[in-house]
Amino acid sequence: MIINEYIAELKQLLMHERSQAKTIGFVPTMGALHPGHLELMKQAKKENDILVASIFVNPIQFNNPEDLKKYPRTFETDRQMLEDIGCDFLFYPSAEEIYPEPDNTYYDFGALAQCMEGEKRPGHFNGVAIVVRKLFDIVEPDKAYFGEKDFQQLAIIQALVRKLNMPVQVIPCPIVREVDGLAMSSRNMRLSKEARQEAPFIYETLKRAITLFPTYSPEALKHWVAGQFENKETFTVDYIEIADTTELQAVHNWEDASGISLFVAVFLEEVRLIDNIRII
Ligand code: AMP
């Protein structure tokens with residue numbers, strides 16, 4: 001695996017691969033890799049000639065400085081994991097390399113960026129869009145892989161690609177879970193032993209919730225989910241939403257859309273965890 005920190009060098013290397021008609025699959029990450037990330041890598045490897053991964057903790061997508069400071073950084077184990085699955089190129093730039101000067105581009109994603117994560121984390125998706133655009137310009141992938149765990153992020157990236165007519169195919173990948181159902185996340189390693197034991201309650205609640213469809217209305221179902229978390233004092237709900245799977249807007253009737261999911265964000269101790277499940 002070739003590890004590169006510099007845009008110009010990586011572009012040169014990838015140009016050479018492209019000149020041999022090789023297709024490029026790309027998986028951008030913020031590191032602290034886990035098997036969820038590796039599933040994206042494996043799929044990208046299978047569907048392309050070359051796998052490029054990136055590790056970059058993007059400062060401008062953190063609306064909370066404390067969250068940025070505490071974001072886990074485990075470069076040595078990440079590197080080993082990528083070697084083991086046969087990753088070809090790892091792009092590992094510094095913040096100065098990506099942002100030689102501040103990038104103040106503003107992307108208007110309309111309502112898509114104003115609900116759920118967008119509402120609770122102001123500026124987050126603009127920061128994601130800025131860095132993903134830069135990374136796509138650098139790597140010029142044929143296909144880029146994103147997890148449905150960050151469902152709204154995936155929708156934002158699809159919107160970005162459409163808006164800018166970028167020649168990349170965005171591939172959604174299913175959520176990878178621990179055996180006890182907890183959605184894998186780099187943030188899980190910040191949970192205390194006690195909190196880690198409580199954490200599977202999130203997915204258990206989502207699974208129980210969908211059994212109440214269609215008896216409960218969307219409003220009643222959200223209320224039921226809120227009640228489950230209120231009974232557990234270790235959890236604080238940030239939001240619970242039932243929304244369509246394309247525009248991510250709240251639905252009020254089950255007939256409002258053909259694809260509908262339940263989305264939650266909760267704090268467990270001070271760690272913020274998100275998850276979602278398809279209803280229809
Ligand atoms: P991150 O490093 O957290 O920014 O994640 C990098 C990519 O991996 C994003 O596309 C995430 O959606 C995806 N990802 C993270 N956790 C999971 C998971 N448990 N299952 C599937 N994809 C995931």
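# Aromatic rings and overall build

Biologist: Why is Phe 229 called buried?

Modeller: Its relative accessibility is 1%. Buried means under 20% relative accessible area (exposed is over 50%, partly exposed in between; 1.4 Å probe, protein chains only), so Phe 229 counts as buried. Bear in mind that this is a predicted model, where local features need pLDDT of at least 70 and side-chain atom pairs count only at pLDDT 80 or more, while totals for chains, interfaces and linings use all residues. Residues are numbered from 1 along each chain as its sequence is written, and side-chain values use heavy atoms, with hydrogens and water left out.

Biologist: And what about the whole protein: what share of the residues counts as buried?

Modeller: By that cut-off, 52% of the 280 residues.

Biologist: How many helices and strands are there?

Modeller: Eleven helices and nine strands, taken as DSSP runs numbered from the N terminus (helices are H or I, at least four residues; strands are E, at least two).

Biologist: What makes the protein as compact as a globular one of its length?

Modeller: The radius of gyration, taken over C-alpha atoms, is set against the globule rule, 2.2 Å times the number of residues to the power 0.38. The protein has 19 Å, close to the 19 Å the rule gives for 280 residues, so it is as compact as a globular protein of that length. The C-alpha trace spans about 55 × 40 × 35 Å along its principal axes.

Biologist: On to the rings. How many aromatic pairs does the structure hold?

Modeller: Eleven. Phe, Tyr and Trp rings (for Trp, the six-membered one) pair if their centres lie within 6.5 Å; planes under 30 degrees apart count as stacked, over 60 as edge-to-face and the rest as tilted.

Biologist: Why is the pair of Phe 229 and Phe 235 called edge-to-face?

Modeller: Because the ring centres are 5.3 Å apart and the planes stand at 65°. Phe 235 is buried, at 6%.

Biologist: Which residues form one aromatic cluster?

Modeller: Phe 26, Phe 136 and Phe 146.
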